[in-house]
Amino acid sequence: MGILKGLKILDFSALLPGPMATMIFADLGAEVIHVESSKRVDLTRIMPPYDDDHEAYIHQHLNRSKKSLTLNLKSPEAVEIVKSLVHEYDVIIEGFRPGVMQRLGIGYEALKEVNPKVIYCAITGYGQTGPYSNRPGHDNNYLSLAGVLDYSRHKDKKPVSMGVQLADIAGGSMHAAIGVLAAALHREKTGEGQYIDISMTDAVFSLNAMYGSAYIGGDRVPQPEQEILNGGSYYDFYKTKDGRFFSVGSLEPQFRKLLCEALDIPELIDNTFNDSYYTQIRFKEAVHDAFLSKTYKEWLEVFNEDFEGCVEPVLTFPEACEHPQLKARGMIIDIPKNDGTMQKQIASAFKFDGVKPEYKHVGAKLGEHNEEVLSSLGYSAEQIADLKDKGVLE
């Protein structure tokens, strides 16, 4: 039994932030219906590569264990279906621009009239208020405006587009999940529903916890490659003789000592962060030169599983999949497909005592559960067929 069994969610979102949040809920036992449209297809459904059924792996991952219901939300009949579902599926997650759900007749106030306990979470780029509330954007835009990217780069170099979408996931998905769970606990105590306004820009702005607070409190402007954790110290990445990289995080004195011994630069063990800038640069250059003296494989033998000085290789993703730590933690699992075969996916990162995540099936085909969902609401086969004919079920 999933730890969130009993939580029922209607997911009106697409792409990454909302679907990843509802995937987390589904993995933990919540029931999720993904409300979609065949005329406004989620881009993750058409992002290659595809399986043998021409279903996108990205979509099958982000939408696993969810049911797919296709509705033309501009039709009154679809609105009534949503309102019927809200009696049970009383958590709403949506990712439209502000005002869209209200215009469709299924915004927070309308659904609150149907079920006063509804929890409604809207994920947008800039939030429901402010001059940018209706402005379109993507992950790199939100990171840019939040002041993250300027000091997260090398000096005189442009910011790097990251493979992991920080604003979408750390900003949107995770903050939405936390907000919904906080609202659910509040509802458990008071019986009250809640409206949650998640701005991905707000959320990633709040991630400036270290250097942002130093600026706001102490007027110190964070600079590229000037801070302890952004390359301004030897906490950085270093190239090997054959062009691979290692990460060095040996900040504390005991770890720095192990690093210096491993790199054969014992004369620099006593360097500290209070030393002059020149001394810091000299130490970093010594680390840089040392790594260039050996190949990646040779350094793997030095920084082996017994080394405790906070140095790790920069792995390719295929290498990460085979790493013994991630394998021991069960971070790749088999998910059932409709044809009885299994598909490998990234597992949930949550580990609970005695309660395991639930993986029912890979992401559903578009509208796969239309009949099942409507039948549960009391619609007859004839009524469902009529809704299809009218274009209510897209």
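Mentor: Let us begin with a single residue. Ser 68 is found in strand S3, residues 67–70. Helices (H or I, at least four residues) and strands (E, at least two) are DSSP runs, numbered from the N terminus. This is a predicted model, in which local features need pLDDT of at least 70 and side-chain atom pairs count only at pLDDT 80 or more, while totals for chains, interfaces and linings use all residues. Residues are numbered from 1 along each chain as its sequence is written, and side-chain values use heavy atoms, with hydrogens and water left out.

Trainee: Is Ser 68 buried or exposed?

Mentor: Buried means under 20% relative accessible area, exposed over 50%, and partly exposed in between (1.4 Å probe, protein chains only). Ser 68 has a relative accessible area of 2%, so this residue is buried.

Trainee: How should I read a sheet?

Mentor: Strands of a sheet pair through backbone hydrogen bonds, either parallel or antiparallel. Two strands pair here if DSSP finds at least two bridges between them. In this model three strands form an open sheet in the order S7-S8-S9, with antiparallel pairing. Strand S7 (236–239) and strand S9 (311–313) each have a single partner strand, so one side of each is left without a neighbour in the sheet.

Trainee: How many bridges join S8 to S9?

Mentor: Three bridges join strand S8, residues 245–248, to S9. Phe 246 has Pro 313 in S9 as its bridge partner.

Trainee: How does one look for disulfides?

Mentor: A disulfide is a covalent bond between the sulfur atoms of two cysteines. The rule used is a pair of cysteine sulfur atoms within 2.5 Å. By this rule the count comes to zero disulfides. Cys 260 is in no disulfide, as the nearest cysteine sulfur, that of Cys 310, is 13 Å away.

Trainee: Are these two cysteines buried or exposed?

Mentor: Cys 260 counts as buried, at 0% relative accessibility, whereas Cys 310 counts as partly exposed, at 34%.
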